[in-house]
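Notebook open, model loaded. I'm jotting down what I look up as I go.

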Amino acid sequence: MEMIRTLRRLLVPSRTLARYMVRMQLGRFFGILIGLTAILQLLVLMAVSDEIMAADGASWVSLVSFVSMRAPQLISQFTPFAALLASLLTLATLNQHSEVVIMKASGLSAHRILLPLGIASGIIGIAHFAFNETIVVKANAELEYWEAHDYAVDLPPNEGLAGRVWLKEGNTIVLVEAVSRIRNRVVLDKVSLFERDNVGRLTGMIRADFGWYQDGKWTLHEVRKFDTKSHALTINATQTWDIPTRPERFLALTIKPDHVSFPGLWLSMKELEKDGLPTDRLMASFLHKIAGPASTLLMPLLAAVAAFGVTRAGNLAIRIVFGMALGFSFFVADNFMRAMGEFGVAPPFLAAWAPFLLFLLLGYSVIFYTEEGQPKFKPRKKGAAE
């Protein structure tokens, strides 16, 4: 305990100062986030309100439902941006009131001045991660399900509806338009089988309205089979589908990282690994579920240019703009690398963490330059021209 107290005294400038800066940071953060979310939600609602109200039986309740599903997405998306603006405003205010000068005069280094903001950003990051895992993933799935059905009023509950799946089993190529879970049964909607011979030539096509897994086997319903050699069309009410693929594999193949929680995505990747399927695309999204909320820890560091080098670095407004440029550059790099990871171009770890590590180094470089890298005053030599 004594070691913890000593470490806290060395790192945290004082409890009073830490509470003061944390309150400033969190107050500005929530104010900016609420304002941004309200404005953007209003703009989105104005853009889609006609489509929502065009559904049969739509009323003001439909608009409220849309807001309840869309607002969590906006909050999650703009949390790092709000943290950046809050850090800039907090440090600019401290700078303008000469409070940073007083802190430095009392012997505090740049790191100890930024530490309370880092604590506030850590609180925001943890809350952001928990918010994503408990609310945002459900809102994403429900809103996409609702949009896919043209904002219909009386929709059945979303039971894990997923998108199109392509699959190869032996010489047969399988296409499933949608995968859903009804109670404990996995249902495949609009199943198409393209049967080929050993050299890859098409020998037959099978279409089924739906299929499900029961008693350890797949059964197709409303089956139509076309033979390419005889040109014969056969229609059957049901047909047993002899395929070793388990229902969990279909669900794993249709997984959308934004619609499942952190543990759910991990289990889906394990299912794919059992079948020897690549998981790099999902791994990049899996790692970004941590890297995304963790990006709020960078914001005080990128905004530090607004606080230090006050008397030597020129206009405060220019430094604020420079801090915003650093933050926007990070968001661009983060979105770019995330897209590269989802397309499988970049390795998962680099796709998720490369922007964070790069701008961490860049932020420290800016602090070092403003605090340590400024040219020192050199007295003129005697006899030098006036």
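Is E51 buried, partly exposed or exposed? I get partly exposed, at a relative accessible area of 47%. (Buried is under 20% relative accessible area, exposed is over 50%, and partly exposed is in between, with a 1.4 Å probe and protein chains only.)

Ground rules before I go on. This is a predicted model, where local features need pLDDT of at least 70 and side-chain atom pairs count only at pLDDT 80 or more, while totals for chains, interfaces and linings use all residues. Residues are numbered from 1 along each chain as its sequence is written, and side-chain values use heavy atoms, with hydrogens and water left out.

**Salt bridges.** I count a side-chain nitrogen of Lys or Arg within 4 Å of a carboxyl oxygen of Asp or Glu. That rule gives five salt bridges. K289 and E133 make one of them, at 3.8 Å from N to O. This pair links distant parts of the chain, with K289 in helix 8 (residues 280-294) and E133 in helix 5, 156 residues apart. (Helices are DSSP runs of H or I, at least four residues, and strands are runs of E, at least two, numbered from the N terminus.) K289 is buried at 13%, and E133 is buried at 14%.

**A network.** D258, R338 and E342 are linked by salt bridges. For D258 and R338, I note 3.2 Å between the closest N and O atoms. D258 sits in the loop between helix 6 (247-253) and helix 7 (262-274), and R338 is 80 residues away in helix 10 (residues 316-342). For E342 and R338 the closest N and O atoms are 3.5 Å apart. These two are both in helix 10, four residues apart, or about one turn. D258 is partly exposed at 40%, R338 at 27% and E342 at 35%.

**Positive phi.** Y151 isn't a glycine, yet I find a positive phi of about 60 degrees there. Y151 is in the loop between helix 5 (110-148) and strand 1 (165-169) and is buried at 6% relative accessibility. E222, another non-glycine, has a positive phi near 55 degrees. I place E222 in strand 5 (residues 217-227), partly exposed at 42%.

**Strands 3 and 4.** Which way do strand 3 and strand 4 run? They are antiparallel, with nine bridges joining residues 185-196 to residues 202-214. (Strands pair if DSSP finds at least two bridges between them.) V191 stands opposite A208 in strand 4.

**Last look.** H128 is in helix 5 and is buried at 7%. Its C-alpha atom is 6.8 Å from that of S76, 52 residues apart along the chain.
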